Amino acid sequence: MILDAWQTIWACVGLSLLVLVLDGVLAGRAGPSKTDLVRQQKRDNRMAAVGKGAGNE
């Protein structure tokens with residue numbers, strides 16, 4: 001299959017968009033989930049409150 005200039009350009013644009021979409025999907029899946037972040041934040045807040053209470057006695 002031989003592509004002319006415009007078909008080559010559109011093929012490159014299409015592949016670039018596909019790579020960007022795939023990168024966005026994989027980046028969204030990487031890292032901790034939102035529920036894990038909320039759970040960690042609540043744990044940190046509790047530990048900070050315990051630390052404040054222990055230091056003021």
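Which helix holds both Asp36 and Arg39, and how many residues apart are they? Both lie in helix α2 (residues 34-55), three residues apart, or about one turn of the helix.

A word on the model first. This is a predicted model, in which local features need pLDDT of at least 70, side-chain atom pairs count only at pLDDT 80 or more, and totals for chains, interfaces and linings use all residues. Residues are numbered from 1 along each chain as its sequence is written, and side-chain values use heavy atoms, with hydrogens and water left out.

**The salt bridge**

The side chains of Asp36 and Arg39 meet in a salt bridge at 3.4 Å, N to O. The term stands for a side-chain nitrogen of Lys or Arg within 4 Å of a carboxyl oxygen of Asp or Glu. By this rule the count comes to one. Here is how the two partners sit:

| Residue | Relative accessible area | Class |
|---|---|---|
| Asp36 | 37% | partly exposed |
| Arg39 | 47% | partly exposed |

Buried means under 20% relative accessible area, exposed over 50%, and partly exposed in between (1.4 Å probe, protein chains only).

**The fold and its surface**

The protein has two helices and zero strands; these are DSSP runs, with helices being H or I of at least four residues and strands E of at least two, numbered from the N terminus. Of its 57 residues, 0% count as buried. The protein exposes about 5500 Å², and carbon and sulfur atoms supply 66% of that. Such areas come from the Shrake-Rupley method with a 1.4 Å probe; for residues, only the protein chains shown count as cover.

**Helix α1**

α1 has 25 residues and reaches 37 Å from its first C-alpha to its last, close to the 36 Å expected at 1.5 Å a residue. That expected span is 1.5 Å times one less than the number of residues. Just after α1, Gly31 takes a positive phi of about 85 degrees.
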